[in-house]
Amino acid sequence: MNSVGVSFREQRYFSSLTSSSLLPWISPLQFQKANLQKPDTPPEMSHTFMESQRKPKFISHETAINLIKRERDPQWALDIFNKVAKQKGFSHNSATYGTILYKLAQAKKFQAVDSILRQMTFETCKFHEGIFLNLMKHFSKFSLHDRVLEMFHAIQPIVREKPSLKAISTCLNLLIESNQVDLARDFLLKSKKSLRLRPNTCIFNILVKHHCKNGDLESAFEVVKEMKNSRVSYPNLITYSTLMGGLCESGRLKEAIELFEEMVAKDQILPDVLTYNILINGFCRNGKVDRARKIMEFMKNNGCSPNLFNYCALMNGFCKEGRWQEAREVFFEMKSVGLKPDTIGYTTLINCLCRAARIDEALELLREMKEKECQADVVTLNVLLGGLCREGRFHDASQMLEKLPYEGVYLNKASYRIVLNSLCQKDEMEKATKLLGVMLDRGFLPHYATSNEMLLRLCKAGMVDDAVTALFGLVETGFKPEPQCWELLTELNCRERKLLSAFELLDELLIKESGPRSFS
């Protein structure tokens, strides 16, 4: 009806116009063309610019993943995840979901993780179980063991497939590593029943490792016996290496060698560098370094080239027995076969040389490390500082403490404590007082017992003013001296009629009385 009315009114209007006017008909379109100037067409570049302003660039899955990974704030990462989903034609896939879940789990935003998982149940895309394996590892790291199991059980409804053997072994291993034996046992039994699980070698190896770690070697061998009776899970190199490690830890070296021979001769399994390293380490720890050297010779004769870990294990064995010359020979052999010593290798030999009072050779190795661009860590430096102090070379030790921080080398509180303790034990109290000032300036505190001992030694050496100065500095950090130390300081100050100092000390201690002792 509306369309008819509109048509009728238009007809009446035009008919009245033609009857009342004698002027010729002029089309409105002609009038418009005659009187109006055609506007200039905007330049093509300008049109393109306007289009680019109106239409933001489409964010692909790969770009979204990179943006989420680079974002430090988990909330902003979640905002990115949500905003890209609003793009026309964009749907999240397994990779984008996996990235945001990793980011949120890493930041312990577990409520947000649960929300994302609920959202995934409504998605139609194909998910990979690797997402849930990563979540299991995060929850295990934060000791949320029930959540580890929840993530395992979430695989089937979201991935829409049964969990793989890899998922089962990952879950089992995380529970075993966290010493959740009861949960692991229940999980394994339920998996056998509901998933019709037939354990493979990897799952059996996890159980072998658990028993060896707890020193229950008989149970470990029972598991191996069951493996041999199975058709799908025969023991492999990892199984034998784990058992040999357990035997070496228990000091059963003869049985470890017998198992090694059984593995090679009967099961035709060739050992690798890791297997040899287990034996070398085991014999060295049990004081059988010469036998460990024979194992390395056997290793080389059978076509398996030793690596850095093998050489370092043997060096460490010689060092423990004080055989620095043989340790050095192993070090030179390692370099001669083309292996580049790392920080651990250098530190092992430096420690051996320091204990043999060959400090100059140890310092030469430190210089060699710098030339070879092998960064010395704080363990290396503390070993050297201890060696210098044992030889009474306090000047060299103090120089190291003074210069190294300015060269970008990190030192910890143990570095300063090693030198300060040695100075106090040798009654080098002037140097100890100076070092204490350096320590406090750099924010390092001496050990509580060392602080009290130092104050007592300063008092007994007649250095009362230095003792008072040291005490004021220590009290500022929350230190409270033992009664014996306080009594001696007060007595000496009163004896020398330094009553003002005594009262200042008392006031300072009363102020700090309620504060916690901040020394460990």
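This note sets out numbered points on the fold, the helix packing and selected residues of a predicted model.

1. Overall composition. The protein chain contains 30 helices and zero strands. Of its 520 residues, 42% count as buried. Among contacts in the chain with a separation of 6 or more, 61% are made by residues 24 or more positions apart.

2. The nonpolar core. The largest nonpolar core has 150 residues, and Met120 and Phe132 are those with the most contacts inside it. Which residues does Phe132 contact, leaving aside its neighbours within four places in sequence? The partners of Phe132 are Leu117, Met120, Met151, Ala154, Ile155, Ile158 and Val159. Met120, the other residue named for the core, is therefore also a direct contact of Phe132.

3. Helices α4 and α6. Helix α4 spans residues 61-70, and its axis lies 9 Å from that of α6, at an angle of about 5°. The two helices are roughly parallel, because an angle under 35 degrees is counted in that way. On the α4 side, the residues that meet α6 are His61, Ile65, Ile68 and Lys69. Their counterparts in α6 are Ala95, Thr96, Thr99, Ile100 and Lys103.

4. Two residues deserve attention in the loop between α6 and α7. Ala107 is found in this loop and is partly exposed, with a relative accessible area of 32%. Although Ala107 and Pro74 are 33 residues apart along the chain, their C-alpha atoms are separated by 6.8 Å. Lys108 belongs to the loop between α6 (94-106) and α7 (110-120) as well. The phi angle of Lys108 is positive, at about 60°, although Lys108 is not a glycine.

5. Asn179 lies in the loop between α11 (165-177) and α12 (181-194). Its phi is near 65°, a positive value in a residue other than glycine. Is Asn179 buried or exposed? Asn179 has a relative accessible area of 53%, and it counts as exposed because this value is over 50%.

6. A buried serine in a loop. Ser233 is found in the loop between α14 (217-229) and α15 (237-249). Despite this loop position, Ser233 is buried, with a relative accessible area of 0%. Not counting residues up to four places away in sequence, Ser233 touches Pro199, Asn200, Thr201, Phe204 and Met227.

7. Helices α17 and α19. The axes of α17 (residues 273-285) and α19 (residues 308-320) come within 9 Å and cross at roughly 5°. The pair is therefore roughly parallel. From α17, the residues taking part are Val273, Tyr276, Asn277, Ile280, Asn281, Cys284 and Arg285. They meet Phe309, Asn310, Ala313, Leu314, Gly317 and Lys320 in α19.

8. Helices α22 and α23. How do the directions of α22 and α23 relate to each other? The axes of α22 (residues 359-371) and α23 (residues 378-390) come within 10 Å and cross at roughly 155°. Because an angle over 145 degrees counts as roughly antiparallel, that description applies to α22 and α23. Their crossing is left-handed. In α22, the residues Ile359, Ala362, Leu363, Leu366 and Met369 meet Thr380, Leu381, Leu384, Gly387 and Leu388 in α23.

9. Cysteines. How many disulfides does a search of the whole structure find? The search finds zero. Cys354 illustrates the result: the nearest cysteine sulfur, that of Cys352, is 9.5 Å away. Cys354 is in no disulfide, because a pair of cysteine sulfur atoms must lie within 2.5 Å to count as one. Cys354 is buried, with a relative accessible area of 2%, whereas Cys202 is partly exposed, with a value of 39%.

10. A residue in helix α29. Gln484 lies in helix α29, which covers residues 483-495. At 52% relative accessibility, Gln484 counts as exposed. Gln484 and Asn452 are 32 residues apart in sequence, and their C-alpha atoms are 9.0 Å apart in space.

Terms used
Residues numbered from 1 in each chain as written. Predicted model: local features only at pLDDT ≥ 70, side-chain atom pairs only at ≥ 80, totals over all residues. Heavy atoms only, no water. Buried < 20%, exposed > 50% of the residue type's maximum accessible area, 1.4 Å probe, protein only. Core = buried A, V, L, I, M, F, W, Y, C linked by side-chain atoms within 4.5 Å. Contact = heavy atoms within 4.5 Å. Axes fitted to C-alpha atoms, helices over the stretch in contact; angles between N-to-C directions. Helix = DSSP H or I, 4+ residues; strand = E, 2+ residues; numbered from the N terminus. Parallel < 35°, antiparallel > 145°, perpendicular 65-115°, else oblique. Left-handed = near helix turned anticlockwise from the far one by under 90°.
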